[in-house]
Amino acid sequence: MATLDEYKPPPLPAPFTNTNPPPILLTQGAEAHLYKTTSLNPSTPAALKIRPTKPYRHPILDRRLTRSRIVQEARCLVKLVKEGVSVPAVLALDCEGQGGEEASWGGAWLLMEWIEGPVVRVVLEQWEAWMKAQIHLEETVRISEEDRVRGLMRRMGETIGALHKAGVVHGDLTTSNLMLQPFEGESEANDSVSMEGKIILIDFGLASQSAQDEDRAVDLYVMERAIGSTHPRTEPLFDSLLQGYRESYKGAVSALKRLEDVRLRGRKRSMLG
Amino acid sequence: MIAIGMEGSANKVGIGIMLHPTDGSEPRVLANVRHTYNSPPGEGFLPKDTARHHRAWVVKLVKQALREARISADEVDCICYTKGPGMGAPLQSIAIAARMLSLLWGKELVGVNHCVGHIEMGRLITGATNPVVLYVSGGNTQVIAYSSQRYRIFGETLDIAVGNCLDRFARTLHIPNDPAPGYNIEQLAKKGKRLVDLPYVVKGMDCSFSGILAAVDALASTLGLAGAEQAQNDDDDDADTKNDKPTRADLCFSLQETIYSMLVEITERAMAHVGSKQVLIVGGVGSNVRLQEMMGIMARDRGGSVFATDERFCIDNGIMIAQAGMLAFREGLTTPLKESTCTQRFRTDEVFVKWRQD
Amino acid sequence: MAQLETLALPHLPSSLPVHVALYCDVQNSAFLKQQLLEGNADFEYALVDASMVLTRAHATAAIFRAVNDYMNGRLMSRNVHSEIVFSLSPANNIADSFRKFGIADATKDLLVVRVSVSPEITHESVAAHLATAIQGTSVPFDDETLSEVSDITKIKKAYKLGALPSPSSKTECNGTADNDAKRRLELSLVGAIALRGS
């Protein structure tokens, strides 16, 4: 019954069949495949997100959904670039599918600015591993190390604040969807893991335009839970993220108040039979 | 070892008898009997009437099951019953019957989570080792994956269950409840061709069905397709093909296409999240062939496969309660008489899955 | 000889090179516009008012969009060249896009684009024709030259981006804040081009 063949990604849509060298597949999510390729300038890299057609669903429904989702994602990104929030810019978009109304490919693609640097999840994992490896950790070192992480958390909070201020909620805030783009040139001298750089928000596949406290609070709650489950040593420093968030825009106070309610009930209600 | 399982959380009362051979060989189903309470077309089943039905049938079914299994009450090691979730009155009627048998036969009780029952039975029947589980029925809609001795809920409905959505639309159209409203919608949907635009509500790994139900109900009444009179024409193959208006069959078709797409989508997201290639569909709605087909295509495209069971095990039954109860009983988990209550709310992730170490 | 640049845009087939030239002090814009209106096939170019172009990336985003739509059989206007002008616009009104981004009688700075939609259209043939057809000074198609001709106020107005901070249009004051402002404006224009009609 089970056929566990090696997974083969679906063929690339036009025009990326022409691309030389071909785009490199980085990740395969549920909805989309992410590739690295070049932008419209051959010397600059770009990220290509492809939402393949989903053969399991009715072709009309498939096109409707694929189209509206990639457009929603692109609209959020364009809006955020305009507002000066750190996200990858949209370079090109194709949401019409290919080959007529009900033809073979109902997918869509989005070409975005390439962001260099590790995701925050990796930075924190490396830091936690480094901390664990220190057999004898002096108190002053521990404090200065934690201060560096607090600084990182604060900047994360500020970036999330800027996002919310612009009227967008992310929908899937985890440390995997925040990147640390190193500053060009010199870096700080440190044995431990570098925390220098600019925080960039990525993967807006579940984002939407909203200015409601509830949606903002759920964004923060999901982030809080993600840090709690993946970065145990970092969890006690989470209040720095909220501090950075609080100071980043006016509406932050009421969103944080709502966060307390969301924490009490959890993201979900109790289940009725 | 032998377990008897007693299920009655909704409109079915089921008794199953399961043998776990002491030599460690494959567990065997010795008996699996069931009786369903059906309300007339256009009506749902009410808790009071359903409980009365269960009380009237439970003794008959236990006797029948023992006869089919060719065992006597002495050979039973434990009595497993559904503790929840489900409808209050029907749950109580079966819990009382289980307590009565426990006292009468002097056997241990094991309270079982209904959802965990579905999962364990599905795993046993299909051989799926560590699948993402889609549990879809009249009362539940959950996407579940196992992790460190819990069945964790990754996604679920934010309002009504998918089966409830189907049941209630069947009522709007006065489609018969026998053998099941969902089954009859599925048959009518086969004649549908036109896809009508309905709301599609997925939020991450969660979904919502109440808006879709309201929209399709409104469409049915606007188009004059609701009610008992219209139901007369459902057997006429040419009904309504002359005009451009959507038919009853088109509405059933569109409803199925929309809600099953939502279910496949959240299941796929959970698979990507936990890195699993297996899907197991359990619960009454899981017997829908179109849902199984769509899930199969999705799983195939991910290099995986789908596991589904037939109506004997998909639809609520006693054997799944016996199976999950036996796994707990073998780990020494029993329910003292004083604690042998039942509850309408009982989340899948509350159960400590002591019998899995992976 | 004209400084005609032939671009092989990434992702587009090598059979569809794009020829681009930038001119200043064009003297015969009225004539060129007339050829377009009359549908003179020899003058099938995208003739863009270069003051409406911020950077190379801005122009290539519109060219890429137009050629991709051309390959998918989804042109909204007459041909791929008119589509390039239309693609610069953030709105769906074709006539309006020509008024804002296309050549006008008084246009002085002109961006000329031709796509090799048939094998006869080559770098040489386009260069030869442009040498006789356009009365103006050929200048390099690069960001430095564009920064001298582009009218940032007009561009921001056409894209409804008035709230964005303005980079100073002159090249000499090249502070970081200025670079950031220009980059942000450029990416906003590129985004608007990608989103048009969605």
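**Exercise 1.** Find which residue of S8(B) stands opposite B:Ser147, then work out how the two strands pair.

*Solution.* Start with the pair itself: B:Ser147 faces B:Arg150 in S8(B). Next, look at the strands. Strand S7 covers residues 141–147 of chain B and runs antiparallel to S8(B), with six bridges joining them. A quick word on terms: strands (E, at least two residues) and helices (H or I, at least four) are DSSP runs, numbered from the N terminus. Two strands count as paired if DSSP finds at least two bridges between them. In general, strands of a sheet pair through backbone hydrogen bonds, either parallel or antiparallel.

By the way, this is a predicted model, where local features need pLDDT of at least 70 and side-chain atom pairs count only at pLDDT 80 or more, while totals for chains, interfaces and linings use all residues. Residues are numbered from 1 along each chain as its sequence is written, and chains are lettered from A and ligands numbered from 1 in the order in which they are written.

**Exercise 2.** Now switch to chain A and trace the partners of strand S3 (residues 45–51).

*Solution.* Step one: strand S2 (residues 33–38) of chain A pairs with S3(A) in the antiparallel sense over six bridges, and a hairpin of six residues joins S2(A) to S3(A). Here A:His33 stands opposite A:Ile50. Step two: S3(A) also pairs with strand S5 (residues 108–113) of chain A, again antiparallel and over six bridges. In this pairing, A:Lys49 stands opposite A:Leu110.

**Exercise 3.** Is S3(A) mostly covered or mostly open?

*Solution.* Count its residues: six of the seven are buried, so the strand is mostly covered. Buried means that 20 or more other C-beta atoms, placed from the backbone, lie within 10 Å of the residue's own. Across chain A, buried residues make up 41% of the 273 residues.

Definitions and conventions: Buried ≥ 20, exposed ≤ 12 C-beta atoms within 10 Å, placed from the backbone.
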